[in-house]
Amino acid sequence: GKRWEELAKKGAKVQRVLWASTSTKSPDYPDTLYVDSLIGPDTVNTIPPATLAAFEDHGTAARTVDVDVEIAMKRLAELENAGIDLKKVTDKLLEEGVTKFIDAFDSLIEGIGGNLKSIIK
């Protein structure tokens, strides 16, 4: 819109959405679900190797992130009407995701520290 155009003229850059950990966790869903359905402009997807291999084999390379937005909005309303608090769910997922990243980082640092100790001896 007009507001964005003015910002862009002043050098503002588009903030890209980052889709992270896009492997499918449930065997009930297609293995490329979170890649096939999240393709769009100004997006970045950190695809795990197994998911990338699956996508290269049988994924669909097409703009999908903004297709059927009306249906998505209807589904969100259905969740709310069913008593599901989407904010609570997303807050919990955010908390769990951050914890996993912290744990992975701590493990990485611990591993590096152990390697340094063996080199310095």
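Leu-76 is found in helix α4. Helices here are DSSP runs of H or I with at least four residues, strands are E runs of at least two, and both are numbered from the N terminus.

The model is predicted: local features need pLDDT of at least 70, side-chain atom pairs count only at pLDDT 80 or more, and totals for chains, interfaces and linings use all residues. Residues are numbered from 1 along each chain as its sequence is written, and side-chain values use heavy atoms, without hydrogens and water.

Leu-76 belongs to a nonpolar surface patch, together with Val-69, Met-73, Leu-79, Ile-84, Leu-86, Val-89 and Leu-93. Together they have about 640 Å² of accessible area. Two elements, α4 (69-81) and α5 (86-120), each give two or more residues to the patch. The largest share, 4 residues, comes from α4. Patch members have over 30% relative accessible area and no salt bridge; nonpolar side chains (Val, Leu, Ile, Met, Phe, Trp, Tyr) are joined within 5 Å, like charges within 9 Å. Areas come from the Shrake-Rupley method with a 1.4 Å probe; for residues, only the protein chains shown count as cover.

Now the charged pairs. Side chains of opposite charge can pair when their charged atoms come close. A salt bridge needs a side-chain nitrogen of Lys or Arg within 4 Å of a carboxyl oxygen of Asp or Glu. The count is 5. Glu-78 is partly exposed at 39%, and Arg-75 is exposed at 52%. Helix α5 holds Glu-96 and Lys-92, 4 residues apart. Their closest N and O atoms are 3.6 Å apart. Arg-63 and Asp-66 also meet in a salt bridge, at 2.5 Å.

Thr-51, in helix α3 (residues 49-58), is buried, with a relative accessible area of 5%. Beyond its neighbours within four places in sequence, Thr-51 contacts Thr-22, Ser-23, Asp-31 and Val-35. Contact means heavy atoms within 4.5 Å.

Finally, the whole chain. The protein has 5 helices and 2 strands, in the order α-β-α-β-α-α-α. Of its 121 residues, 8% count as buried. The C-alpha trace spans about 60 × 45 × 35 Å along its principal axes.

Conventions:
Buried means under 20% relative accessible area, exposed over 50%, partly exposed in between (1.4 Å probe, protein chains only).
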